Amino acid sequence: MFDETLIAEAGRRLSEAAPEAHVILFGSHARGDAGPHSDLDFLVVEPSVDDPTGESVRLRRTLRGLGLFADVIVVSEHEAERWGDVRGSLIHAALSEGRPLAA
């Protein structure tokens, strides 16, 4: 389980690395039911993204040195709009239960 200071720093780093993105914390930490083995889950919504996997790796590297385990999912605004209302999709879950860290 990670404290709010560490979560805020991770959000700051992600936002700084992708300044036009919306950074959303979702999953157990956003819901408030994180356990001792929970990781952090971030959805990063960028205006456009050509290589979501490569961008995810790039952003994940900005979290080095924080000593945390995190998934960084990157999608375009178009994909977020397309999948945001589809129940059962990861994007829907992140948008409906998540909390913005940076915009």
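Gly-98 is partly exposed, with a relative accessible area of 22%; partly exposed lies between buried (under 20% relative accessible area) and exposed (over 50%), as computed with a 1.4 Å probe on protein chains only. The model is predicted, and local features need pLDDT of at least 70, side-chain atom pairs count only at pLDDT 80 or more, and totals for chains, interfaces and linings use all residues. Residues are numbered from 1 along each chain as its sequence is written, and side-chain values use heavy atoms, with hydrogens and water left out.

Gly-98 sits in the loop between helix H5 (90-97) and strand S4 (99-102). Helices (H or I, at least four residues) and strands (E, at least two) are DSSP runs, numbered from the N terminus. Neighbours within four places in sequence aside, Gly-98 is in contact (heavy atoms within 4.5 Å) with Ile-24, Leu-25, Phe-26, Ala-30 and Ala-93.

In strand S1 (22-26), four of the five residues are buried. S1 and S2 run antiparallel and are joined by five bridges; two strands pair if DSSP finds at least two bridges between them. Leu-25 has Phe-42 of S2 as its bridge partner.

In H5, the buried residues are Ile-91, His-92 and Ala-94. Viewed down the axis of H5, the buried residues fall within an arc of 165°, so they line one face of the helix. The arc is that of the directions from the helix axis to the C-beta atoms. The cover over the buried residues of H5 includes S1, S2, S3 and helix H4 (77-83).

Helix H3 (residues 52-61) has Glu-55, Ser-56 and Leu-59 as its buried residues. These cover an arc of only 105° around the axis, which puts them on the same side of H3. Helix H1 (4-17), strand S2 (40-46) and strand S3 (70-76) are among the elements that cover them.

A nonpolar core is a set of buried Ala, Val, Leu, Ile, Met, Phe, Trp, Tyr and Cys residues joined through side-chain atoms within 4.5 Å. The largest such core has 21 residues, and those with the most contacts inside it are Leu-14, Leu-40, Phe-42, Leu-59, Leu-63, Leu-68 and Val-72. Two or more residues of this core come from each of H1, S1, S2 and S3, and H1 gives the most, with four residues. Leu-14 touches Val-23, Phe-42, Leu-59, Thr-62, Leu-63 and Val-72, not counting residues up to four places away in sequence. Another core, of eight residues, lies apart from the largest one and includes Leu-43, Val-75, Ile-91 and Ala-94.
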